[in-house]
Every structure is written in structure tokens, then in C-alpha cells.
Amino acid sequence: MKKKRIYLNAFDMNCVAHQSPGLWVHPEDQSYRYKDIDYWVELAQTLERGRFDGLFIADVIGIYDVYGGDKTTTVREATQVPVNDPMMLVSAMANATQHLGFGITCSTTFEHPYTFARRMSTLDHLTKGRIAWNIVTSYLESGTRNIDIGDRFIHSERYNVAEEYIEVCYKLWEGSWEDDAVIKDKEKRIFTDPTKVHEIHHHGQYFHVPGIHLCEPSPQRTPVLYQAGGSTRGRQFAAKHAECTFISAPGKEAITLYVKDLRAQAASLGRNPQSIKVFALMTVIVGRTEEEARAKYEDLSQYISYEGALSLLSGWSGVDFSKYEPDQEIEYIETNAVRSMLESLTKASPNKKWTVRELANFAGIGGMGPVIVGTPEQIVDTFEEWIDETDIDGFNLAYAITPGTFKDIVDLVVPELQKRGLLKKDYEEGTLREKLFGKGNSRLSENHIGAKYRNLGRLLQKK
């Protein structure tokens, strides 16, 4: 039986430490260089050398101020703050590479879809079609306090806003400009045929966007669509819109349940359930021998910050873990934050009881994904096991220290993946969507909900 190809993203954020709070103090960690464009260019080139499919860049608007009820711990520990804009990084990295894709996390809560659509089209042009959008609805109340959005922050309402937000984007990207609108006829002095550029006339509950898209059609038009919501509502949204999803959970049990439910919901909507690629969070600590790998892990573990980890977890979950004793067991509590985190801990893995201390130690390296320690052969064995048993398609690989963790993966794990025929040795030409879904698939597939907006402009004009 032919082995299933494994897709790889590197998981990073324009900040210090990202998923491993405390490890910024490790002598080999360079995450403090997040402000330096050279760091990002070097990272992109390393990942392209390792034939990664993409660099997946997280983002948050707001700070993690749930732990202790204020910003003190988060700011002291650099728990995803300070944090810079992820979009600003892409042009330089794209110019230094030819094939690597870039998944950018942007929230439907904090920016108007009209201006956002232009920014993404611009990046799709500049990258020659290598851009993806990780659609999030945001969960930090500290962000909403600084941008007045009222009741739209309620968990269920956030997804209602997101549904209309992405509808506006589909209309702008897919329906406003016809494929042959730009003719560049110098003799007739016509750059664009005005009859082939259409107002979208969107008037909804949350957004009113009557006019045309500001950009001519980009290579992909709609960027590759990621979605990272693991809650029930998030899975519904992903089944309808996502081409790729990202899930973080402690073990295979929770991942398997997520994937099974996601694919079933996609099928119920008339989509090919296997057309959605699922990436699971994982952190790899690899050595040439087991002893070397274990020594690396023990060294890294010394730098875990208990309070830094809990400030991150409190922000994700909406639960103030400073009010819990270290050995107190965690139970599911419904909040407006990342419901999937607590669900994966307390519902999807019912046989596992987590204490606060155990959770902090677990999340101290790599966040809510598992940490795999071993030789290249053992790491790839684990990759194959997860692919076979959970029906995922690939991994979002977080770092313990950067760029060291990524360099180890490229130098040690990638050759083993290629040896087994699990990872490409060369990139195929084309856009990011073509690299993920095959040549000739630059546009959204015909059975994707966004494809129905392609003739929107012409239909509205006839009316």
C-alpha cells in the first residue's frame, strides 16, 4: 500500500518564546531576534531547504491577563508579548525563497473585511500565490477592551460575524473582478475593462460593502483557507469553509475524535471529507542517538517557567489558574476563550486527570501539543503512527528553541522522511494551493462554498 505523504508546517509567531514560555532564557535560543527581518529570512530559507510546505504564523490581539487578574506575569515572562504584526514579515521571506508557503493568522473580530481583503490580495500577488489565511475569531477580552466591538465577542456571536466576514471576502476575491478584466491595451489606453469589474452590493447584519474590490485578481484569488477552531462551533465553521485545519491537543485520542467529526460534517455538506488537510501540533526533540535526544530534552526542561506556562494556559482557556493549587485536578469550565483546549483535556480524554502542575509542565515546551523525543527513525515512526491512527495529514511543528529546533528537524528528521518516501525531495511548481492539492488547483475547488461567488458581479449587473 502506498504511504500517505506527510505535510509539514513550521509553527512560529512574531514574538518571544511562542509556545514554550521560559525557554527564551536558554543560551541557544534566538527568539529575541523576532524584531530582526534577517531572522525571518534565515528561518524561511532553512525551512525551504527542508522542503517544508509552509511557515504557519500565529497571532493574538491583546494580552494574556487572566492569570492573577492582570498583566504582571505575562509581561514579565514575555508570554506572547511583546508581539508584532505577522503580515509585515511575508514580503521579505517570499523574496528570499521560491516555494515556501506562508500561513498568516488574522482575526475576523478586529479588522474590517474590505481593507483585509486588499492586504491579502496584495500578499498573494507579491508571493506569486503562496499565501494562506488562518481564520480566527479571537478570544482575548484584553483585546476587545481596546477595540470597542460590543456583544460580537460572545463565543457564538464571534462565529456569526466570521460567517458574514468571509462571505464579504469571497464576494470581493471571487466575484468582483472577472478573469479577463485587466487587458492592458496601450493602443486604446484601457488598462482595465470597466464592464468586467463589479460592485458586490453587500448589505448584511454586521458589514455594508457596496463597492468593488481594490485589487485585480491575484494568482489564487482566495488565499488557502486555514481554520484553527477546535470547539463544536469552530468545527462547524471549518467543515464549511476550511481547506486546511490546525488542531492542538495532548494526545491521539482527542485528535482522532476531532478529525472524525470534522470529516463527517464536511461530508454532510457535500464536500469530499478528505479534501480538508488536518495539521496537528507537535514539538520534536531529536538527537542522533536516544541518549543525545534525552539529554537535549532534560536540558530544555530546566528552563520551563511554571508561571509563564500557566499565564499562557489561563489566556487560552479563560480560567485563572493562579486560583488553583498545583496538585488540584482540572475540570471543564465553559468560557468565552478557547473552548477546545479544556474540551480536549477533560472531555475527549476522559481517562486522563490533569493537575495544574502537570498541565504547566506539559505545556511548558510546545504548548498543548505532544513533545516527541528520540532519534530521527523514532520520530518518523511516531509521525507515521499518528498519520495512520488519527487520519491527520501533517504536522504544525512548534519549537522549543529557535532556530535550533527547526534546524535539527531539517538536518536530521527530513532526510529520514525523504528516505521513506513520506516527504517530497523537490517542490512542484505552482501556487501554494497547487502544492497542497495538485497542479491546476490554484483556485478554490468547484464544490467549495466560496466558488459560488465567482459569477456574482455579472449576476448583480444583470439585475
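Helices (H or I, at least four residues) and strands (E, at least two) are DSSP runs, numbered from the N terminus. The structure is a predicted model, in which local features need pLDDT of at least 70 and side-chain atom pairs count only at pLDDT 80 or more, whereas totals for chains, interfaces and linings use all residues. Residues are numbered from 1 along each chain as its sequence is written, and side-chain values use heavy atoms, with hydrogens and water left out.

Asp 393 lies in the loop that joins α13 (376-390) to β13 (394-398). Its relative accessible area is 3%, so Asp 393 is classed as buried (buried, under 20% relative accessible area; exposed, over 50%; partly exposed, in between; 1.4 Å probe, protein chains only). The side chain of Asp 393 forms a polar contact of 3.1 Å with the side chain of Arg 263. A polar contact is here a pair of N or O atoms within 3.5 Å; within protein, one must be able to donate a hydrogen and the other to accept it, and residues adjacent in sequence count only if both atoms are side-chain atoms. When residues up to four places away in sequence are not counted, Asp 393 is in contact (heavy atoms within 4.5 Å) with Lys 4, Arg 5, Ile 6, Tyr 7, Arg 263, Ile 276, Lys 277, Val 278 and Ile 387.

Two packed helices are described by the angle between their axes and the distance between the axes. Axes are lines fitted to C-alpha atoms, for helices over the stretch in contact, and angles run from 0 to 180 degrees between N-to-C directions. Angles under 35 degrees count as roughly parallel, over 145 as roughly antiparallel, 65 to 115 as roughly perpendicular and the rest as oblique. Helix α13 packs against α14 (residues 404-419) at an angle of about 60 degrees, and the two axes are 9 Å apart; the pair is therefore oblique. Residues Pro 376, Glu 377, Ile 379, Val 380 and Phe 383 of α13 make the contact with Leu 412, Val 413, Glu 416 and Leu 417 of α14.

For α10 (residues 306-317) and α12 (residues 356-363), the packing angle is about 95 degrees, with the axes 9 Å apart. These two helices are thus roughly perpendicular. On the α10 side, Tyr 306, Ala 309, Leu 310 and Leu 313 meet Val 356, Arg 357, Leu 359, Ala 360 and Ala 363 of α12.

Cis peptide bonds occur from Val 81 to Pro 82, with omega near 5 degrees, and from Thr 402 to Pro 403, with omega near 0 degrees. Pro 82 is located in the loop between α2 (72-77) and α3, and Pro 403 in the loop between β13 and α14. Arg 51, although not a glycine, has a positive phi of about 60 degrees. This arginine, Arg 51, occupies the loop between α1 (37-49) and β2 (54-58) and is partly exposed at 21% relative accessibility. Lys 184, in strand β5 (residues 182-185), likewise has a positive phi, near 50 degrees, and is exposed at 55% relative accessibility.

Ala 96 is placed in the loop between α3 (90-95) and β3 (101-107) and is partly exposed, with a relative accessible area of 28%. Beyond its neighbours within four places in sequence, Ala 96 contacts Val 41 and Gln 45.
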